Amino acid sequence: MKLKVLILALTTLTALVGTADWAADFPLSRSLLSQWQWGGSGQSQTLLKDRILDEGETEAAFRARSLAIREKVAAADLEGLDTWWRTRTISDPHKYLLPVILARLSLGEQYDRQQTWDILLGLDEGKPDLYHFRSPYDIRIFFLFRDTMPKAVQASYRSMVDSPRVREWLEQGTENHMFMQRISGLALMDGSGFPTPLPATAATNEAWLRAELNKFLTIGQGEFHSSTYYGYAIAGLLNLYDFADTPELRQLAKAALDWYAVNMAVRFSWGTAGGAESRGFDRGTWDDSGLSGVAWIWWGDSLTQSGVEGLTPVERMDRGVTRVALPAALSDYRPPPQLRAIARKEIELPFQLKASHPGYYSYHQDNRFWEIFYVTQDYSLGTLIDPSRSYRVKGTINAQYATYKLVIRDPKGQNNAVVSLGGTYHSDMATGRSPGDQYVQEKGAVIYQLRLNPRDQAADVPGRSHLVLPTRYGKPLRYGDWYIWRIENTFLCARPWGEQIDWQNQVSEKYSDYQVLAAIGKNTAWITDVASIDDYPTIEALQQALDQTEIRNTSSRTRYRDRSWETMGQITYTSLAGDRLQMTYQPNRGAGLAQINGKERVLDDWAVLDSPYVQQDLNSGLLEVFSPLGNWRLRGTLTSPEWE
């Protein structure tokens with residue numbers, strides 16, 4: 001077995017690296033740092049060969065993905081980027097240049113190191129502010145290369161923990177901003193050995209991290225499952241995990257990282273961040289968001305697996321994705337092994353997750369949002385319920401919720417189909433939380449409504465709701481009031497209500513890859529139901545099942561009723577799976593009254609996570625994972641996290 005692993009790893013590395021210096025092959029880990037300082041390749045080759053013998057195939061594949069990410073990031077035109085930011089008003093140039101600098105430095109002598117250091121020093125001199133998007137990369141550069149960096153660069157880092165710069169590690173911002181800034185600063189203050197005249201800075205940041213971890217393990221997270229920002233927050237935590245000297249701080253970082261990883265794994269859908277999310281809407285397959293980039297580093301496929309147009313995921317990733325994945329590619333942290341099967345959905349399916357989330361910054365406002373996530377072997381579907389009716393168009397959150405996301409698996413692993421459904425207050429793509437959007441979901445069926453009240457109309461909320469899906473699946477088949485698409489191994493069935501129903505083959509010129517079915521009018525509503533080809537092998541078989549829903553108010557076989565919709569906003573539907581859903585619209589609230597299988601939906605005291613594979617009861621302080629690879633627990637205590 002060891003010989004097989006060695007051959008596999010060496011073959012992979014040879015294909016990727018060719019004759020490159022062995023120093024380029026692997027990221028620096030803490031254990032290698034103690035033995036080898038990126039010097040001669042002879043010693044490094046011996047050390048790495050010995051280490052390969054002790055690693056499994058999963059770790060060898062991880063390191064191959066790491067190298068691929070680093071080479072992709074390093075190939076950017078660093079000199080051009082340096083000219084670019086100096087000739088324009090760029091508020092955060094480090095966000096674009098530091099990942100390239102870090103990647104180049106990690107590849108040994110492939111790039112001119114002195115030129116790289118000169119650009120880094122000039123960047124710090126030109127914009128000395130220690131802001132959030134700078135921090136994750138800056139601190140990792142310091143710790144990985146502090147013994148080989150020029151004295152002027154090291155002096156710059158030394159000044160970061162002295163007055164007045166040290167105060168900047170306490171800056172505020174959104175949740176991910178503070179994880180990047182405060183936790184990276186804590187790693188620098190704790191692991192550098194540099195004294196600081198303001199030791200309370202580190203103590204305050206540690207206290208903040210403890211409070212955040214306590215929030216996660218009791219009531220959940222405000223920036224939950226953000227496909228845009230999870231990777232940035234994770235990057236700050238990785239710095240503390242990799243470089244803090246204090247074991248208790250590394251434990252705090254590991255606990256927070258594990259919590260992030262669990263939440264990623266349970267919803268992750270074959271390369272796409274599935275389900276409801278706060279601050280993002282991932283439509284890609286391994287390649288369209290920071291979260292999916294980190295997930296590819298942790299749980300991705302072999303580099304030899306082709307993607308769209310014959311490209312691997314890392315070849316398709318844009319710079320924004322690869323730079324977020326880079327810190328994970330250079331870290332010692334690995335998620336709990338029990339999560340791999342869950343993240344890759346190599347578990348018994350289907351299952352349904354119920355989850356609750358707090359207010360964005362709150363440490364006490366629990367059960368503020370409610371989520372349903374359902375996943376089968378062919379698709380995942382998530383919806384989010386918000387009790388408020390907000391009209392804000394600026395700020396952090398309202399335009400950035402994913403309140404309905406259907407991810408349909410591409411069996412070839414190339415390009416999943418992603419579908420959205422909702423109002424158009426923020427976007428014709430039906431993303432963001434429009435005032436008045438109300439959902440009820442059970443498994444693959446959803447009832448959605450948007451009914452405009454006088455305040456909605458005064459705020460110019462559009463009288464239209466959109467179902468948006470990729471254009472490549474063509475025009476829908478009409479069957480009575482149903483619109484049906486065959487998408488990979490599923491049928492998507494949609495039944496809209498409105499004064500006018502309009503299909504367009506493009507959402508807009510900007511979004512030409514997506515088509516839209518629009519329900520137009522002061523009152524609009526939808527039923528969507530997703531069916532597997534395994535259950536309905538032909539369109540005729542599906543139509544026979546839908547026939548049961550098309551006979552309304554005329555016999556005992558009626559499957560859905562809408563007679564009360566115009567006057568009361570009430571819809572009842574029995575899904576193809578046999579579940580009975582009912583919604584009564586609430587015109588001045590954010591959440592409708594709902595029943596599922598005759599039982600009233602009570603939006604109160606939901607668990608933070610409740611599924612067969614992941615559980616965390618409200619205010620319990622205990623996160624549990626039940627996996628084919630074994631059970632795992634993370635428990636928060638007053639002093640430190642504990643694992644079981």
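This is a predicted model: local features need pLDDT of at least 70, side-chain atom pairs count only at pLDDT 80 or more; totals for chains, interfaces and linings use all residues.

Me: How many salt bridges does the structure hold?
Reply: A pair counts when a side-chain nitrogen of Lys or Arg is within 4 Å of a carboxyl oxygen of Asp or Glu. By that cut-off, the total for this structure is 27.

Me: Which residue forms a salt bridge with Asp301, and how many residues apart are the two?
Reply: The partner is Arg344, with the closest N and O atoms 2.9 Å apart. Asp301 sits in the loop between α14 and α15, while Arg344 is in the loop between α17 and β4. The pair links distant parts of the chain, and the separation is 43 residues.

Me: Is Arg344 buried or partly exposed?
Reply: Buried means under 20% relative accessible area. Asp301 has 18%, so Asp301 is buried. Arg344 has 22% relative accessibility, so Arg344 counts as partly exposed.

Me: Where does Arg368 lie, the residue that meets Asp386 in a salt bridge?
Reply: The two side chains meet at 3.1 Å, N to O. Asp386 is in the loop between β6 and β7, and the pair is 18 residues apart. Arg368 is in the loop between β4 and β5.

Me: Which parts does the salt bridge of Arg433 and Asp386 tie together?
Reply: These side chains meet at 3.7 Å, N to O. Both Arg433 and Asp386 are buried, and Asp386 has a relative accessibility of 4%. The two residues are 47 apart in sequence, so the bridge ties the loop between β6 and β7 to the loop between β9 and β10.

Me: Why is helix α8 largely enclosed by the rest of the structure?
Reply: The helix covers residues 135-145. Its buried residues include Asp138, Arg140 and Phe143.

Me: Which residues of β5 are buried on each side?
Reply: 7 of the 7 residues of β5 are buried, so the strand is largely enclosed by the rest of the structure. Both faces are covered. One side has Phe369, Glu371, Phe373 and Val375; the other has Trp370, Ile372 and Tyr374.

Me: How many bridges join β5 to β6?
Reply: β4 and β5 run antiparallel, with 7 bridges between them. Leu353 has Phe373 of β5 as its bridge partner. On the β6 side, Trp370 has Ile385 as its partner, and β5 and β6 form a hairpin with 3 residues between them. β5 and β6 also run antiparallel, and their bridges number 6.

Me: Which residue's backbone oxygen lies 3.0 Å from a polar atom of the Ser356 side chain?
Reply: Ser356 is found in strand β4. At 0% relative accessibility, Ser356 counts as buried. Beyond its neighbours within four places in sequence, its contacts include Ile219, Asn367, Phe369, Trp370 and Trp606. The backbone oxygen at 3.0 Å belongs to Ala607.

Conventions:
Residues are numbered from 1 along each chain as its sequence is written. Side-chain values use heavy atoms; hydrogens and water are left out. Helices (H or I, at least four residues) and strands (E, at least two) are DSSP runs, numbered from the N terminus. Buried means under 20% relative accessible area, exposed over 50%, partly exposed in between (1.4 Å probe, protein chains only). Two strands pair if DSSP finds at least two bridges between them. A polar contact is a pair of N or O atoms within 3.5 Å; within protein, one must be able to donate a hydrogen and the other to accept it, and residues adjacent in sequence count only if both atoms are side-chain atoms. Contact means heavy atoms within 4.5 Å.
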